[in-house]
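Reader: Could you zoom in on just one part of this model for me, the part where sheet and aromatic rings would come together? Please keep it chatty.

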Amino acid sequence: EYWLAHAYERKLPIEEDVYSDFYIPSKDWWKAVYIEYWWLEDQEKYENRKKIKKEIYKKYHLNLIELDNNNINNLDNYLPKFLLEFWIKVD
C-alpha cells in the first residue's frame with residue numbers, strides 16, 4: 001500500500017495570504033505541487049479570483065495542477081497523469 005502525503009487548504013509560501021485547495025509536499029521545495037479545483041463556472045467574482053490566483057502561482061513559479069468539473073467526474077484517470085508531469089507516480 002502506498003500513501004501520498006498531502007494537505008488541504010495549505011497557505012502558499014509567499015507573503016500574500018493565499019491558500020491552495022490541496023498541497024503535495026516534497027523534500028525539494030521547488031518540486032512541491034499545489035492543486036486547485038476550479039468548481040464554479042460562469043460567476044464573475046469567482047472567475048476574477050481564479051485569474052488572480054493563477055497569476056500568483058505563475059509569479060512565484062509554483063507547480064500547479066488545475067482541476068475542473070470535467071476532471072472530477074473521472075479523477076482516477078486524470079489525477080495520476082497530472083501528477084506524473086511533476087514526477088509523482090501513483091498506482
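Author: Let's start in the sheet: strand 3 (residues 33-38) and strand 4 run parallel and are joined by six bridges. Helices and strands here are DSSP runs numbered from the N terminus, with at least four residues (H or I) for a helix and at least two (E) for a strand. Tyr 37 has Leu 67 as its bridge partner in strand 4.

A quick word on the source: this is a predicted model, where local features need pLDDT of at least 70 and side-chain atom pairs count only at pLDDT 80 or more, while totals for chains, interfaces and linings use all residues. Residues are numbered from 1 along each chain as its sequence is written, and side-chain values use heavy atoms, with hydrogens and water left out.

Zooming out a bit, the open sheet has four strands in the order 1-2-3-4, with mixed pairing; two strands pair if DSSP finds at least two bridges between them. Strand 1 (7-11) and strand 4 (63-68) are the edges, each pairing on one side only.

Now the rings. Six aromatic pairs turn up, a pair being Phe, Tyr or Trp rings (the six-membered one for Trp) with centres within 6.5 Å; planes under 30 degrees apart are stacked, over 60 edge-to-face, and the rest tilted. Tyr 23 and Tyr 34 make a tilted pair, because their planes meet at 40°, with ring centres 5.0 Å apart. Tyr 23 sits in strand 2 and Tyr 34 in strand 3, so this pair ties together parts that are 11 residues apart in sequence. Both are buried: Tyr 23 has 11% relative accessibility, and Tyr 34 has 5%. Buried means under 20% relative accessible area, exposed over 50%, and partly exposed in between (1.4 Å probe, protein chains only).

Beyond its neighbours within four places in sequence, Leu 62 is in contact with Leu 12, Pro 13, Tyr 34 and Tyr 57, contact meaning heavy atoms within 4.5 Å.
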